[in-house]
Amino acid sequence: LRTAPLLFSPSDPHALFFATNVLFKTTTGGHTWEIISPDLSRDSPDVPPSIGIFRTPDLAKQPRRGVIYAVSISPLAGGVIWAGTDDGLIHATQDAGAHWNNVTPPSMTSWSKVAGIDAGHFNQQTAYAAVNRIRLDDMHPHIFRTRDGGATWTEIVKGLPENGPVNVVREDPLRKGLLFAGTERAVYVSFDDGDHWFPL
């Protein structure tokens, strides 16, 4: 299943963003669009062992297939944008798309889907990413947190059940440290910025 993120900037009500494999922006109500990112998907996707007997040499030559699956714009600085793909990459820009950096956590592999990403409401260098890896037969929860613009990431899943892929994570816009996460099975809350999770 594909998704096409479409969102307004929290700091500019006239700036609308739309994502495919690149990020588009319009400030003219959709009359004109500009591309503000390169192709952020993997240029040569791996072939996961989880596809079993369908894993053939031809698959190793397949073209790019990824898309930007999640986008979040900082409510503190409109030029800070986070983009996560459905093939396991996270990119960030600090200057409204003029330059992009690959800030993917080292443990994320191809075929990991960044199902949701949320820019921090109290620190413009903070972001949270929900990563779903069911296509790799990995049913564990995966949530990543960065506080330094993606230079380093911490996986924050203590208290989440072993069998529950995560599809969304959100920071409360008013209370610092209050996070919510939605898995395939339930909703969870954290009161300490993701260090510990509890079922709702």
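A patch, for this tour, is made of residues with over 30% relative accessible area and no salt bridge, where like charges are joined within 9 Å and nonpolar side chains (Val, Leu, Ile, Met, Phe, Trp, Tyr) within 5 Å. Accessible areas come from the Shrake-Rupley method with a 1.4 Å probe, and for residues only the protein chains shown count as cover. You are looking at a predicted model, in which local features need pLDDT of at least 70 and side-chain atom pairs count only at pLDDT 80 or more, while totals for chains, interfaces and linings use all residues. Residues are numbered from 1 along each chain as its sequence is written, and side-chain values use heavy atoms, with hydrogens and water left out.

**Stop 1: the surface**

Select F180, V187 and L200 to see a nonpolar surface patch with about 280 Å² of accessible area together. L200 sits in the segment after β16 (198-199); strands here are DSSP runs (E, at least two residues), as helices are (H or I, at least four), numbered from the N terminus. With a relative accessible area of 67%, L200 is exposed. Exposed means over 50%, buried under 20%, and partly exposed in between (1.4 Å probe, protein chains only).

**Stop 2: the salt-bridge network**

Now pick R145, R147, D193 and D195, which are linked in a network of salt bridges. Side chains of opposite charge can pair when their charged atoms come close. The cut-off for a salt bridge is a side-chain nitrogen of Lys or Arg within 4 Å of a carboxyl oxygen of Asp or Glu. The structure holds four of them.

Centre the view on R145, in strand β11 (residues 143-146). R145 pairs with D193, the closest N and O atoms being 3.9 Å apart. That pair links distant parts of the chain, since D193 is in the loop between β15 (187-190) and β16, 48 residues apart from R145. R145 also meets D195 in a salt bridge (3.1 Å, N to O). D195 lies in the loop between β15 and β16, so this pair ties together parts 50 residues apart in sequence.

Is R145 buried or exposed? R145 is buried, at a relative accessible area of 7%, and D193 is buried at 12%, whereas D195 is partly exposed at 35%. Look, too, for the backbone oxygen of D193, 2.5 Å from a polar atom of the R145 side chain.

R147 lies in the loop between β11 and β12 (154-155), so the pair ties together parts 46 residues apart in sequence. R147 is partly exposed, at 47%.

**Stop 3: N132**

Move to N132 in strand β10 (residues 127-132), buried at 2% relative accessibility. Which side chains make polar contacts with N132? One is N167, at 2.8 Å, and another is E184, at 3.5 Å. A polar contact is a pair of N or O atoms within 3.5 Å; within protein, one must be able to donate a hydrogen and the other to accept it, and residues adjacent in sequence count only if both atoms are side-chain atoms.

**Stop 4: the interior**

Finally, select W82, I90, V114, I117 and W153, which touch the most other members of the 16-residue largest nonpolar core. Such a core is a set of buried Ala, Val, Leu, Ile, Met, Phe, Trp, Tyr and Cys residues joined through side-chain atoms within 4.5 Å.
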